[in-house]
Amino acid sequence: PNVQELPLEDDDRKILALVDGDRSIDEIVELSESEEVETLDSLERLFALGIIAIAERETELSTVPLRFAQLRLWLALVAPLAIALLIRFGLGPGESQSIMKGLSETIATFVEIRELDNLKFALEAYRMSNGRYPYSLDNLVETGLVRPEQIRNLKGEPFTYRYSETTQTYLLSP
């Protein structure tokens with residue numbers, strides 16, 4: 001539609017300016033000056049109005065492997081320095097291992113939260129297209145909104161998902 005004629009909020013127009021047909025949702029969120037939740041809300045409104053659509057890329061590009069590669073590179077650079085500093089300032093091997101384990105758990109928690117946010121967005125996209133939330137996360141895979149590995153946590157276990165047809169709500173948890 002002619003975007004100039006639509007009654008959009010300024011924030012929605014800013015987000016729409018970032019949509020170019022090549023950027024992923026994650027890239028738009030990163031480029032946005034707004035908070036992540038506000039950006040996702042804006043994308044949801046634009047989707048509901050039919051201004052934008054979710055499209056598959058021609059090539060299977062995924063920002064998730066890129067993010068993991070960046071994270072591995074960061075850990076490869078920072079971990080040796082952190083260990084050297086820990087040893088230099090007198091922390092023993094047990095204390096160092098405890099700190100590094102805590103860092104790994106923090107990163108895993110961050111990744112899992114991000115995956116849950118992606119699933120929530122896919123659930124909303126499904127609801128807008130079908131008038132209700134899916135009965136199971138497998139429905140998201142069947143419709144191509146997510147890949148099969150995206151409905152599982154880092155341990156490979158499926159995320160917990162329950163849909164209540166009565167209240168039209170869902171529960172999603174790790």
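**Close-up views of a cavity and an aromatic cluster**

**View 1. Lining of the largest cavity.** Ile 25, Asp 26, Val 29, Glu 36, Leu 40, Asp 117, Asn 118 and Phe 121 line the largest cavity of this predicted model. Two or more of the lining residues come from each of the elements α2 (25-31), α3 (36-48) and α5. By residue class, the lining comprises four nonpolar residues, one polar residue and three charged residues. The space inside amounts to about 40 Å³, and a search of the whole structure finds one cavity of 30 Å³ or more.

**View 2. The pair of Tyr 133 and Tyr 163.** Among the four aromatic pairs found in a search of the whole structure is that of Tyr 133 and Tyr 163, whose ring centres are 6.4 Å apart and whose planes stand at 65°, so that the pair is edge-to-face. Because Tyr 133 belongs to the loop between α5 (93-130) and α6 (138-142) while Tyr 163 belongs to strand β1 (residues 160-164), the pair ties together parts that are 30 residues apart in sequence. Both Tyr 133 and Tyr 163 are buried, the latter with a relative accessibility of 15%.

**View 3. The pair of Tyr 135 and Tyr 163.** With ring centres 5.6 Å apart and planes at 75°, Tyr 135 and Tyr 163 form an edge-to-face pair. Tyr 135 is in the loop between α5 and α6 and Tyr 163 is in strand β1, so this pair ties together parts that are 28 residues apart in sequence. Tyr 135 is partly exposed, its relative accessible area being 44%, whereas Tyr 163 counts as buried.

**View 4. The aromatic cluster.** Tyr 133, Tyr 135 and Tyr 163 belong to one aromatic cluster together with Tyr 161 and Tyr 170.

Terms used: Residues are numbered from 1 along each chain as its sequence is written. This is a predicted model: local features need pLDDT of at least 70, side-chain atom pairs count only at pLDDT 80 or more; totals for chains, interfaces and linings use all residues. Side-chain values use heavy atoms; hydrogens and water are left out. Rings of Phe, Tyr and Trp (its six-membered ring) pair if their centres lie within 6.5 Å; planes under 30 degrees apart count as stacked, over 60 as edge-to-face and the rest as tilted. Helices (H or I, at least four residues) and strands (E, at least two) are DSSP runs, numbered from the N terminus. Buried means under 20% relative accessible area, exposed over 50%, partly exposed in between (1.4 Å probe, protein chains only). On a 1 Å grid over the protein atoms alone, a cavity is a set of points where a 1.4 Å probe fits but cannot get out, and a pocket is an open set with protein on both sides within 12 Å along at least five of seven lines; lining residues have an atom within 4 Å of a point. Grid points are joined across faces, edges and corners, and a volume is the space filled by probe spheres set on the points. Ala, Val, Leu, Ile, Met, Phe, Trp, Tyr, Cys and Pro count as nonpolar, Asp, Glu, Lys and Arg as charged, and the others, Gly among them, as polar.
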